[in-house]
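Here is a short briefing for a first look at this structure. Start with the sequence and the model below, then read the points by topic.

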2 protein chains.
Amino acid sequence: MPPLSIRVLRVGHRFVRDDRTLTHLCLVSRALGAEAIYLEEAEAELVQQVRDVNESWGGSFEVTVGTPWRGVVQAARKDGRKVVHLTMYGLPLLERVGELKKFTRFLVVVGGPKVPGEMYHMADYNVSVTNQPHSEVAALAIALHEIQGGEELKRDFGKSKLRVLPKERGKQVITE
Amino acid sequence: MPPLSIRVLRVGHRFVRDDRTLTHLCLVSRALGAEAIYLEEAEAELVQQVRDVNESWGGSFEVTVGTPWRGVVQAARKDGRKVVHLTMYGLPLLERVGELKKFTRFLVVVGGPKVPGEMYHMADYNVSVTNQPHSEVAALAIALHEIQGGEELKRDFGKSKLRVLPKERGKQVITE
């Protein structure tokens, strides 16, 4: 089976700017094995912050800003990706994950509070991580974790300036 | 085996107020089966928001504001809880989860960027959800998911005003 390839798309504007949530979505996507995230809008500072994290901690995770969401979904389809839309209104993740694991290429779509109805129809799967209101950051984390069966937690980020040496107590960071 | 009992504690102040992250931590704790969260500080508005979610969506999740974190940890210990501190510097969750599953009562501690060194020594387990920087919301979600073995996603919140009827496409909410 070829290696998994997962990209993430954030859909749905907020009226209040919510840069903190966008930062979390980027860093979670990166840390949990996705290769890129598409954002409709973001501050230049956010993009720089993720670039800095790559530089310090490894990998080549990409942030793409400004492509309209429909275009991202259509391109993903052509690229052979299954489009998995996370929504509290969808069918339970655990009932769908067996089927999802048959595929290797994904676009995981994370909604904000203003997801256009069309998204539900363009998705191959509308999947819920509980049907309770909580956090798109948490839903993304659990979906990435389930789709990759925990393998994403063992991922090696290759060459990096900084590396944690996991410890029972306290902190240890190795500098290149 | 008695039912699991999980409480969550947020430790570590930020200089910049970060209410959005606190909201996510509360709602994730509630949606993923914890019974309460302890926050050192929070706006009254946040507490009210969680109360509103309980009222609409069920359950009796509690937010406790203002108890100093050491007191919460000490009380949890006396109450027979294992103290599991989530930190990017700890030992991998998946290496520890087998042992954690022998217990039924937990205090899961979520760090902000300013966790006192003492926390690492007071914890029974310092556990990492990847050794990469990402999001305490995501780390909490995956830890709750692993400790409860996915059962938390099937949880019934009992009597509620609103209830989602999970669907393949679109949204359906049942009103009591």
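**The core**

A:Val108, A:Leu140, B:Val108 and B:Leu140 touch the most other members of the largest nonpolar core, which has 100 residues. A nonpolar core is a set of buried Ala, Val, Leu, Ile, Met, Phe, Trp, Tyr and Cys residues joined through C-beta atoms within 7 Å. Buried means 20 or more other C-beta atoms within 10 Å of a residue's own, exposed means 12 or fewer, and partly exposed lies in between, with C-beta atoms placed from the backbone.

This is a predicted model, in which local features need pLDDT of at least 70 and side-chain atom pairs count only at pLDDT 80 or more, while totals for chains, interfaces and linings use all residues. Residues are numbered from 1 along each chain as its sequence is written, and chains are lettered from A and ligands numbered from 1 in the order in which they are written.

**Two copies**

**The contact between chains**

- Chain A gives 44 residues and chain B gives 43 residues; a contact means C-beta atoms, placed from the backbone, within 7 Å.
- Helix 1 of chain A gives the most to the side of chain A that touches chain B, with six residues.
- Helices (H or I, at least four residues) and strands (E, at least two) are DSSP runs, numbered from the N terminus.

**Helices 1 and 6 of chain B**

- Helix 1 (residues 19-31) and helix 6 (residues 136-147) of chain B pack at about 10°, with axes 9 Å apart.
- These two helices of chain B are therefore roughly parallel, a term for angles under 35 degrees.
- B:Leu25 and B:Val28 are among the helix 1 residues that meet helix 6, where B:Leu140 is one of the partners.
- B:Leu140 also touches residues including B:Val8, B:Leu86 and B:Val110, not counting residues up to four places away in sequence.

**A loop glycine**

- A:Gly158 sits in the loop between helix 6 and strand 7 (162-164) of chain A.
- A:Gly158 counts as exposed, with 8 C-beta neighbours inside 10 Å.
- The C-alpha atoms of A:Gly158 and A:Trp57 are 8.6 Å apart, though 101 residues separate them along the chain.

Conventions: Contact = placed C-beta atoms within 7 Å. Axes fitted to C-alpha atoms, helices over the stretch in contact; angles between N-to-C directions. Parallel < 35°, antiparallel > 145°, perpendicular 65-115°, else oblique.
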